[in-house]
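The following note collects comments on the model under review. The points are numbered so that each can be taken up separately.

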Amino acid sequence: MGSAPRTLEFFYDVLSPYSWLSFEILCRYKNIWNVHLQLRPSLIAGIMKDSGNKPPALLPRKAKYLTNDIRLLGQQVQVPINFPKDFFSVILEKGSLSAMRFLTAMKSEHPEMLEKASRELWMRVWSRAAEKAGMSIEQARRILEKTSTPQVKNQLKETTEAACKYGAFGLPITVAHVDGQTHMLFGSDRMELLAYLLGEKWMGPVPPVVESRL
Amino acid sequence: MRKQVQRSPAACQKRRAERRSLPLKPPSFAPDSTPGQGGDQEVGGSPSARAPAAQPRPPQPAARPRGTAPRGCAVKARGGAPGRPGIWEVSPPLFCSCPGSSFATAQHGVRAANPGVLLRCAVPVLLAELRGNKPPALLPRKAKYLTNDIRLLGQQVQVPINFPKDFFSVILEKGSLSAMRFLTAMKSEHPEMLEKASRELWMRVWSRDEDITEPQSILAAAEKAGMSIEQARRILEKTSTPQVKNQLKETTEAACKYGAFGLPITVAHVDGQTHMLFGSDRMELLAYLLGEKWMGPVPPVVESRL
């Protein structure tokens, strides 16, 4: 086509299951659409604080809805997502600060590994493979102690503030720069709208892969 | 998860005949140009054509005369057989003041006239009180996001939606009690007109920024939907009866029993399971659960050649 790829800034937190769904869909489409996907690890707790919002799971009826919603979407989007049994007590209390600082450090040290590292953390927190939801956070904490610097802390803060400047009140958000316009889209359920704005084809959350014959 | 169904030529013919009875065009919005729209609903959307591959569809439930909605109890009791799509309890008209609902309507529009789709009216104000939830627009950043979100989705879904100038007054102060009682009465008196009447009320409040609380406003919407002034007046009279008030309350409670914390919700009964889906953005997931094909929010209409 010859036109420059459009930048998609993807702000996410591994604490957010919807972020994982969005992430996988975008990773599938990044080689199909004419886009440049920028992964931007952020802290959802910071966004909640800045916007005055509250995690939806704090409303009982939403919490009940969420667990079903995630389960069904996981099937549809083909992501092995499961609510950890101790999600509310462990994850909401411990949070994801260590994990997201870890990914922030990863992004500056080994950006080519950021996608895989993010996925691994989601797999550990959100997949049945994790015996205890908090386990992966502990491991990340240990790794982080070796890499934690003021720069990393600041970078995570700045990325989170950037998300807030775009108007985020939660995660994930996808910021699409198209035709001189900027669109901030919230949630994993705006991917078809994203395709529409990009003038690209939406082929569902699991697009067919192009087989390469060498 | 999709079940591939082999259909006999006779069954294919029957399906074609059924399809011919579908409306040829999606519901058209007001022919007069709406303010700020320029009368042109054609949006330069995705240039890439969507060419859905032909896929066999699961067998449809037995045909029911058009225009008759199944009674609530009968629908709930109906479980689906494997491979057989269940009955939808569609709640798009629930919150007249809620823009999200109108998308669900537009998307269900073609099928809503067909058997198997049950439109139910409820009132979100009552919902909010019972659920402990708050309208998202009360959070400033969400309010800002919503206005953009609705605008973009309106373009993508091809619904001429516009935020009323005094949005908070419309949603939070004026509300929709009369309008939803009217639709509730409409549903028992003239169910075949429920879809059009709902659409006309949305067009008033969410497209032309017109009132829907005064009796004259509601009558105007009913007339635009094709009712005679006498019919409309008769229905309006019923809106203050205990039966109608109770029916609306019951429907709202039914939504709550399904776990609603807002509107719209779509409750799908499929293969003996019940799925409550919240929002206009779960339509593709609904298609997945039904084993149906998702062709985007504006599916191509079947052209009938007679």
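1. A:Arg190 and B:Asp281 form a salt bridge, with their closest N and O atoms 3.0 Å apart. The total between chain B and chain A is 5 salt bridges. It should be kept in mind throughout that the model is predicted.

2. By residue class, the side of chain B that touches chain A comprises 20 nonpolar, 10 polar and 8 charged residues.

3. How many residues of each chain take part in the contact between chain B and chain A? The count is 38 residues from chain B and 34 residues from chain A. Interface size is often expressed as the accessible area lost when the parts come together. For chain B and chain A, the buried area is about 3,200 Å², and carbon and sulfur atoms provide 55% of that area. Within chain B, the residues that lose the most area to chain A are B:Arg141, B:Tyr145 and B:Arg282, which together account for 23% of what that side buries.

4. Chain B itself contains 12 helices and 4 strands. Of its 306 residues, 46% are buried. When contacts in chain B between residues at least 6 apart in sequence are considered, 74% of them join residues at least 24 apart.

5. Turning to chain A, the unreviewed UniProt entry lists A:Ser16 under "active site". Where in the secondary structure does A:Ser16 lie? A:Ser16 is located in the loop that runs between strand E1 (6-12) and helix H1 (17-29) of chain A.

6. Is A:Ser16 buried or exposed? A:Ser16 counts as buried because its relative accessibility is 4%, and the cut-off for buried residues is under 20%. Leaving aside residues up to four places away in sequence, A:Ser16 touches A:Ile44, A:Trp122, A:Trp126, A:Leu171 and A:Pro172.

Note on methods: Residues are numbered from 1 along each chain as its sequence is written. Chains are lettered from A and ligands numbered from 1 in the order in which they are written. This is a predicted model: local features need pLDDT of at least 70, side-chain atom pairs count only at pLDDT 80 or more; totals for chains, interfaces and linings use all residues. Side-chain values use heavy atoms; hydrogens and water are left out. UniProt positions are given in the numbering used here, feature names are shortened, and annotations may be inferred rather than shown by experiment. Helices (H or I, at least four residues) and strands (E, at least two) are DSSP runs, numbered from the N terminus. Buried means under 20% relative accessible area, exposed over 50%, partly exposed in between (1.4 Å probe, protein chains only). Contact means heavy atoms within 4.5 Å. Buried area is the accessible area (1.4 Å probe) that two parts lose on being put together, summed over both. A salt bridge is a side-chain nitrogen of Lys or Arg within 4 Å of a carboxyl oxygen of Asp or Glu. Ala, Val, Leu, Ile, Met, Phe, Trp, Tyr, Cys and Pro count as nonpolar, Asp, Glu, Lys and Arg as charged, and the others, Gly among them, as polar.
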